[in-house]
Amino acid sequence: MDGGSAERLEQFSINCEINEPVNEKPTVPIINDVILPTFLQAKCLENAVNRDNTKLNPKLKLFSGTANPSLSEEIAWNMGHELEKITIKRFADGEIYIQLQESVRGCDVFLIQPTCPPANENLMELLVMIDACRRASAKNITAVIPYFGYARADRKTQNRQSIAAKLVGNVITEAGADRVIACDLHSGQSMGYFDIPVDHLQCQPVITDYLASKKISSNDLVVVSPDVGGVARARAFAKKLDAPLAIVDKRRQEHNLAEVMNLIGDVKGKVAVMVDDMIDTAGTICKGAELLHEEGVREIYACCTHGVFSPPAIELLSSGLFEEVITTNTIPVMDRHYFPQLTVLSVANLLGETIWRVHGDRSVSSIFQ
């Protein structure tokens, strides 16, 4: 890079050894391996004994983007591995510059980068990282995407709409990725939008184990889907907790009329666990919670894998509707998003175990059996 180009670079560089995201340092406490399944705890302890496993696995390379380096650091620590050095900078006009500081020739490379807000910025950074690895002769490139930001655009609901999930899948594939690891995609069909293997991880065990630690009787529990589209997810949750299922059914009778909400199932006097893959503006889950309170529920726990928390989510979630709001760290939860009812669980051990299994050509699905 010539001197003129160098001058265009802003004084901004992220080294993977720095446990900070691009713009802000999260200070929200995260609950980690204490609540994970026993076999994952054992794996964590086994790998954490020897922190210098890099010498034993020279062909395994972990790189982090700037979207969620806190999670990347935790994944590497749980694996007993180290994040490789990478330089990520921005030109003054916003263009992304990436240079790997380690050789990856013939290596199995894992790039950890969720496409959380700002989605387009983080997605482009992931693509440039993939391209850099491909041009550096990496043997295999796996994009580890804890949160796949375009998963909701998975079908056409109206005429002349884009199916952006398929587009993004094509772009990641064409950039040079050989495999994708993703957590709780919005819908299962999104896996089919990639022309490469996709390991779809369910973060359900992390949340259900935490709920089990509260020792709430299954006779008092009821799992609630906040809409009809999430019934399959809620049913799996209910089966795991050995609890009945209830569904919030909302429908608009006519144009310009408010939605009518009905409850399918009995929740009176029970502890309700509302389950969704993500909470964005929190409108749907909060309206459902209001209906549950009207139906006589005792208390409500809101659970999701991805806490996007777009305005006015924090205001709604902290309004007293919920006993606790449980999410994971697939998206970094910043200090400005913290409120007393919020609990953040770590998926680092789950992702680390998956990376080990992919690297060793072992079954991933057996993690959840």
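Guide: P118 lies in the loop between β5 and α4; helices (H or I, at least four residues) and strands (E, at least two) are DSSP runs, numbered from the N terminus. The model is a predicted one, in which local features need pLDDT of at least 70 and side-chain atom pairs count only at pLDDT 80 or more, while totals for chains, interfaces and linings use all residues. Residues are numbered from 1 along each chain as its sequence is written, and side-chain values use heavy atoms, with hydrogens and water left out.

Visitor: What is the peptide bond from P117 to P118, cis or trans?

Guide: Most peptide bonds are trans, and most residues other than glycine have a negative phi. The bond from P117 to P118 is cis, with omega near -5°. A cis bond also joins P311 and P312, where omega is about 5°. P312 is placed in the loop between β13 (299-307) and α9 (313-317).

Visitor: Where is F309 found, and is its phi positive or negative?

Guide: F309 too belongs to the loop between β13 and α9. Its phi is near 55°, a positive value in a residue other than glycine. F309 is buried, with a relative accessible area of 3%; buried means under 20%, exposed over 50% and partly exposed in between (1.4 Å probe, protein chains only). D184, in the loop between β7 (179-183) and β8 (198-201), likewise has a positive phi, near 40°. D184 is buried at a relative accessible area of 10%.

Visitor: How many strands form the open sheet, and in what order?

Guide: Strands of a sheet pair through backbone hydrogen bonds, either parallel or antiparallel. Here five strands form an open sheet in the order β2-β5-β6-β7-β8, with parallel pairing; two strands pair if DSSP finds at least two bridges between them. β2 and β8 stand at the edges with a single partner strand each, so one side of each has no neighbour in the sheet.

Visitor: Which residues stand opposite one another in these pairs?

Guide: Let us take the pairs in turn. Five bridges join β2 (residues 60-64) to β5 in the parallel sense, and L60 stands opposite D108 of β5. Between β5 and β6 (residues 140-145) there are also five bridges, again parallel, and I112 has V144 of β6 as its bridge partner. β6 and β7 pair over four bridges, parallel as well, with T142 opposite R179 in β7.

Visitor: Why is β5 largely enclosed by the rest of the structure?

Guide: In a regular strand the side chains alternate between the two faces of the sheet. From β5, D108, F110 and I112 point one way, V109 and L111 the other way, and all are buried. Five of the five residues of β5 (residues 108-112) are buried, so the strand is largely enclosed by the rest of the structure.

Visitor: How many cavities of 30 Å³ or more does a search of the whole structure find, and which residues line the largest cavity?

Guide: A cavity is a set of points on a 1 Å grid over the protein atoms alone where a 1.4 Å probe fits but cannot get out; lining residues have an atom within 4 Å of a point. The search of the whole structure finds one cavity of 30 Å³ or more. The largest cavity has a volume of about 30 Å³, the space filled by probe spheres set on the points, which are joined across faces, edges and corners. Y147, F148, A151, C183, D184, L185, H186, D277, M278 and H306 line it, so D184, buried as noted, is among them.

Technical notes
On a 1 Å grid over the protein atoms alone, a cavity is a set of points where a 1.4 Å probe fits but cannot get out, and a pocket is an open set with protein on both sides within 12 Å along at least five of seven lines; lining residues have an atom within 4 Å of a point.
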